[in-house]
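Subject: Structure for you to look at, with notes

Dear colleague,

I am handing over the structure we spoke of, together with my notes on it. Please open it alongside this message, and read the notes with the model in view.

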Amino acid sequence: MPDPADRPEHGEHGADGAEVRRYPTALGASSPTSITLLGRDLAEDVMGEVGFGELAFWLAAQRRPSPGETRVFEAVLAALADHGFTPTAIVTRLTYLSAPDSVQGALAAGLLGGGSRFLGVTEDCGRYLDRVIGGLGGAPPTDDAGWDAVALDAVTATRAEGRYVPGLGHHVHKRGDPRTPRLLRIAAEEGLHGPHLSLFAAIGRVHPRVLGRTLPLNGAGACGAALADLGLPLELLRGFALLARTAGLIGQLAEELRHPVADEIFRSVDLNNRPVAPEPHPPRAADHGGAHG
């Protein structure tokens, strides 16, 4: 529930007797002579002084990150910015082909494709790891053997429930996602290899004993673990992935302007379609008789 102290303030009245409402914010505010952001003068203290990645972290956490936190956070943004002709990139290019007057529509189309298969894994993995850690009921393990035991229990339970472990597997990097070890190394160098990354690494070590095969720890999952270790809100983890991908999609549009491929993609599908007979979906068992409310 929201804190009552954060609600619009009541009781003050202006010179005309009308009630004056106040809406507190620690973010941006303007006056006729200045703009403040996070309690700083935007023009003098932020512009040219604070990098965009650092600012994005600051806006979300409402505390200025340390240099190490900024390095890990920006490594995450770099890892998620672009990954080639993914569905999000293709739909951005196709939407721009259809509506070149709407850059915002093309970007939005790509961002709306951030779900359980692309980009959303960052959030899903962060939440999964946090649930496991939250269920330990005590102090987290202090060595790899302890984390391996926790990971083995978690993967076994997840498999028994018929669910996938977020962050395991990649459709291209089947022998290892190069982003994952690099991000783990950066976090360790900055003293920010916390419990989420420790559990994620342990899942990579033990999952073959449960699944009977070895899958790579993908970069999107590693990013979710790193963001969770930075203490950022789990509810915003997908937002950070979308922030990163926005830069990538702008790059896709810039390349589309120079070397267009969207029209060829469209025509390849349009000119190679083949008519077939309609194939209705089979009826569900619930559709055969019975009462309907």
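This is a predicted model: local features need pLDDT of at least 70, side-chain atom pairs count only at pLDDT 80 or more; totals for chains, interfaces and linings use all residues.

I begin with helix H6, which spans residues 120-134, and helix H7, which spans residues 144-160; their axes come within 11 Å and cross at roughly 115°. That angle makes H6 roughly perpendicular to H7, and the crossing of these two helices is right-handed. On the H6 side the contact is made by Tyr128, Val132 and Ile133, which meet Trp147, Val150, Ala154, Val155 and Thr158 of H7. Sorted by class, the contact of H6 with H7 has seven nonpolar residues and one polar residue, with no charged residues.

H6 also packs against helix H10 (residues 219-229), where the axes come within 7 Å and cross at roughly 55°. An angle of 65 to 115 degrees would count as roughly perpendicular and one under 35 as roughly parallel, so H6 and H10 are described as oblique to each other. Here too H6 passes its partner, H10, in a right-handed crossing. Val121, Thr122, Cys125, Gly126 and Leu129 of H6 meet Ala220, Gly221, Cys223, Gly224, Ala225 and Leu227 of H10, and these residues divide into seven nonpolar and four polar, with no charged residue.

Thr122, which lies in helix H6, may be worth a look of its own. Its relative accessibility is 0%, so Thr122 counts as buried. Leaving aside residues up to four places away in sequence, Thr122 touches Leu80, Ala220, Cys223, Gly224, Leu227, Leu237 and Ala241.

Another helix pair is formed by H3 (residues 67-81) and H8 (residues 179-189), which pack at an angle of about 170° with their axes 9 Å apart. H3 and H8 are therefore roughly antiparallel to each other. From H3 the contact takes in Arg71, Val72, Ala75, Val76, Ala79 and Leu80, and from H8 it takes in Arg179, Arg182, Leu183, Ile186, Ala187 and Glu189. The contact of H3 with H8 comprises eight nonpolar and four charged residues, and no polar ones.

As for the cysteines, how many disulfides does a search of the whole structure find? The search finds zero. The sulfur of Cys125 has its closest cysteine sulfur in Cys223, at 9.7 Å, which is too far for a bond, given that a disulfide calls for sulfur atoms within 2.5 Å. Cys125 is buried, because its relative accessibility is 0%, and Cys223 is likewise buried, with a relative accessible area of 0%.

Leu38 has a positive phi of about 55° although it is not a glycine, and Leu38 sits in the loop between strand E4 (35-37) and strand E5 (40-41). With a relative accessible area of 14%, Leu38 is buried. Gln62 is another residue other than glycine with a positive phi, near 55°, and its place is in the loop between helix H2 (52-61) and H3. Is Gln62 buried or partly exposed? At 44% relative accessibility, Gln62 counts as partly exposed.

Key:
Residues are numbered from 1 along each chain as its sequence is written. Side-chain values use heavy atoms; hydrogens and water are left out. Axes are lines fitted to C-alpha atoms, for helices over the stretch in contact, and angles run from 0 to 180 degrees between N-to-C directions. Helices (H or I, at least four residues) and strands (E, at least two) are DSSP runs, numbered from the N terminus. Angles under 35 degrees count as roughly parallel, over 145 as roughly antiparallel, 65 to 115 as roughly perpendicular and the rest as oblique. A crossing is left-handed if the near helix is turned anticlockwise from the far one by less than a right angle, and right-handed if clockwise. Contact means heavy atoms within 4.5 Å. Ala, Val, Leu, Ile, Met, Phe, Trp, Tyr, Cys and Pro count as nonpolar, Asp, Glu, Lys and Arg as charged, and the others, Gly among them, as polar. Buried means under 20% relative accessible area, exposed over 50%, partly exposed in between (1.4 Å probe, protein chains only).
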